[in-house]
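Visitor: Please take me through this model by question and answer, with the criteria stated as we go.

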Amino acid sequence: MNIKEVARQAGVSVATVSRVLNHPELVQPETKTRVLSVMEALHYTPNWFARGLNLGKTRTIALLVSNIERGTDRDLFAGVETVALKKGYATFLCNTHGSAAAEADGLRMVQDRKADGVLLCAPLADLSGLHSAGIPCVSIGRPRDALTENCCYINCEEGAFRMTRHLLSLGHRRLVFLLDRSDPEDLRQVAAGCRRAVLEWGGGADGRVLLTENSIQGGFVAAERLLQSGPPPDALLCDSDELAFGVLKAARDRGVSIPEELGLACLTDSPLCTIVTPALTSLEQPARRLGMVAARMLFDLLENEEFSAGVPQEIILQPKLKIRRSCGNRAHISELFDE
Amino acid sequence: MSCSVEFMGLSLKHPVIVAAGPWARDGASIQRCVDAGAAAVVTETITLEANPVLRPRLYYDRGRLFNTKLYSDLHLEQWEGELEQVRLGQCRLIASIWATSPSELAYLAARMERMGAHAVEISISAPIGTRTPARSSDPDQVREFVRAAALAVDVPVMVKLSYEAASSPAFLQAIREAGAAGVSAIDALRGIQGVDLDARRPRMPTYGGYSGPSIRPVALAAAAILKQYSPLPLCSVGGIETGEQVLEFLMLGAQAVQVGTVLQLEGYPAITRIVRELTAWMDAHGIASPEQLRGAALPSLTPFEDIDPQPLTAHLETPCPVTECGLCSAGCIYGALSRRPEGWVLDPRLCRGCGLCAARCPEGRIRLGW
C-alpha cells in the first residue's frame, strides 16, 4: 500500500496526503479527516525510514531513566509514551542505573540514532554535546543549581516534609527514615524534607536516617536490625512501598503491631498499599503525569522554534498525602481529604 | 435592541454562557452548545492527565442532581484535535483548567491559549475530590495559582468560586491582586444524596457536586455579596433555568451567567430557549441593552436591622371551603387558622403577619395587608 493509492481513494493529491502526515495544521479539517480515514481503511502506514531521510526527522524521542524496575520510573515511561504516541512518535528507553558512564553511552546512542529529542532523568553528565548537536532536551528532576534547560520534577522535598510532619502530628517523636541509597539526588531531597520537618517541630522530635537497598528484602533486613537492637522507634518512614512491605513482614514475624507499637509510612504509593493490613499511609507520586509534562515540554521545543530560544521553563508537581491506617490516624475525614 | 454584553474584555452576543461540565466535554458537544446559540462555552475542566469517569456518574432524586465527574477524560493532545474541529463563529471559548501546582497551572493555561481559548477559567473550588473547602477558599493558597496562570497568558483569566470564597473580601482581594480579570460563582455545593438505611451506606460512594435550581437562591445571594465587595466582573452560576432567572442575576450585578445542570436535564435546546426568553422579556419591557438592568435590584437590598416592621396581618375574606387542604393551618404556629363547618377561617387578632399562609395557599385566597 502506498501514498499514491491513499491519494487516489481520498480524491486528493499526493502532496496533500504528505501534508496531512507532516504538517496536519495546514490541511482543512474535513480533508484531513477524509485522508486519515482512508489511511485507516487501507491500513496505510508511512515508511518511517524514508521519512527520516526526507525530513531529517526520525520521529523518535529517547528517555533516560536511572532504574526502570522502580515503579515510579515505569509510570514515568508510561506517561511519556502516552503523549509521544498521540504525537506519532516512538520512544526508546535507556536504563542508566544511576551511572554516569551508562548515561554517556545513552546520550551517544541518542545522537547516533538521530533521535529528535531527549528526556533525561537526573542528568549527571555535561549536556553541552547535546546542545551543540542541536538536540532539544528536557531534564526530569530538580536542578542542582541554575536552570539551564527546561525541566520538570516532583517536589520530593515538600512531600517528605509533609509526610514527616503528619507523623509528628500523630504524636510520633522518635522517627527513623529508611531511605534508598541508589539515587544520591533523590536521597538528598528526601532527607532534607524529613530534617526540615523535624527541625520545625522542635521539642522532643528526633529523626535518624538509615540507608538501605531499595527492595522488600532491604526493608526486611533493616527492620530486623532495628527491632533487635533495642526499643523500636515511634515510627518508620520508608522511601518506597517495597521497603515498607519488608518492614511489615519483619514486624509481623516479631509480633510488633502496626500502628500500635510502630507507625509505618512510605513515600511511594502503589495499589498494594491499600491491600495490605493495615493499609499503608503513603505519598502518591504523580510520576505518570510527570512523564506527560516532560514529553509535552519536549514537543513544545520540537514543534515551536520560539520555545527553544526562550527562557528555560520549570514545572513542579506536588505529591499527595494519602492518609490510611498504618500511622495511628483514626479520623476517617483525613482519609477523605487532603490535609 | 441588543443583548450583547462585555465580560472581561470579551464581546459576547448575549449574557448566556455554557458552564464547565460534561455537556462540553469534546469538540462535538461544544459544537452543539455553539449551534444552540451559546454566547460562550466553558470546556469541561482540563488537567494534565486524562481522568477516569465513575459509573454511575450522576445521582438524581426529585429534581436534585449530584455529579461525581470532576475532570475531563481526554488528554491535552486529544483536546487539540477536538477543538480544531469546532466552528465557533461569534461564540467565545473559555478553557476550564486545574492543576496541583502553580507552574503546572501556568503551563496548562498557556497550552489552552495556544489552542485558541479566548479566556481561561481556573476551577479552584470544585466540591468533588480531595480538596478541602478550607483550602480552596484560603487566599494564600490560591494567590500563587492565579498569579502563575495570569502571567502565563495574554487572554483574561477568571476564577470559579465556591459560595464561601465568593463571600470573602480577603479572598476576592487576593485573586484580584494576583491578576484575575473576572470571577464565576458559585460552583456546585458539596452534597450527599441520602443514606440507605438498610445498608447503612450513603446513597453515593463519595461526595458529589450538588447543583440545579435548589442552589439558585445561594447563587443569587453570592452575586449580591460579591458585587458589593469587589469590582471584578461576575459571571453567575447556579441553577439557572429560564431567561427571567438570567435577568434576576443581571439585576443583582452579574455581567453574564452560566448554565449547566439545565442542559444535563433538558438537553442543548435549553440554551436556545433561555436566550429566547431573555430577549422576549427585554423586548416586551423596552430594554435596549442588559447594561440598563445591571445591578438595578441591588440598591433596595436593606440591612435586616433597618427594615421597619409593618403591622401586616393575613386576611381571608370568606371562609375557605377547600377543607381537605389545610396547608395554611398546618403551617400556622400562632393558631390563627381554624376549621369551622363553613370552611377554614382566619382570626386576624392571633395572626403575627409571618406571611407563610399567603405564600403557600394554592388558590391565592389569603392576602397579607394592613
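Visitor: What percentage of the 370 residues in chain B is buried?
Guide: This is a predicted model, in which local features need pLDDT of at least 70 and side-chain atom pairs count only at pLDDT 80 or more, whereas totals for chains, interfaces and linings use all residues. Residues are numbered from 1 along each chain as its sequence is written, and chains are lettered from A and ligands numbered from 1 in the order in which they are written. A residue is buried if 20 or more other C-beta atoms, placed from the backbone, lie within 10 Å of its own, exposed if 12 or fewer, and partly exposed in between. By that criterion, the buried part of the 370 residues in chain B is 48%.

Visitor: What radius of gyration does chain B have?
Guide: The C-alpha atoms of chain B fill a box of roughly 75 × 55 × 40 Å along the principal axes. For 370 residues, a compact globule would have a radius of gyration near 21 Å (taken over C-alpha atoms, the rule being 2.2 Å times the number of residues to the power 0.38). Chain B agrees with this, its value being 23 Å.

Visitor: Which helices of chain A do the buried residues of H2(A) pack against?
Guide: Helices (H or I, at least four residues) and strands (E, at least two) are DSSP runs numbered from the N terminus, and in H2(A), residues 14-22, Thr16(A), Val17(A) and Val20(A) are buried. They cover an arc of only 100° around the axis, judged by the directions from the helix axis to the C-beta atoms, and therefore lie on the same side of H2(A). With contact meaning C-beta atoms, placed from the backbone, within 7 Å, the buried residues of H2(A) pack against helix H1 (3-10) and helix H3 (29-41) of chain A.

Visitor: Which residue of S3(A) is the bridge partner of Ala62(A)?
Guide: Two strands pair if DSSP finds at least two bridges between them, and S1(A) (residues 60-65) is joined by 6 bridges to S2(A) (residues 90-95), the two running parallel. In S2(A), Phe92(A) stands opposite Ala62(A). S1(A) also runs parallel to S3(A) (residues 117-121), with 4 bridges joining them. In S3(A), the bridge partner of Ala62(A) is Val118(A).

Visitor: How many residues does the contact take from chain A?
Guide: The contact takes 16 residues from chain B, and helix H2 (76-84) and helix H3 (102-114) of chain B each supply at least two residues of that side. From chain A, the contact takes 18 residues.

Notes
Contact = placed C-beta atoms within 7 Å.
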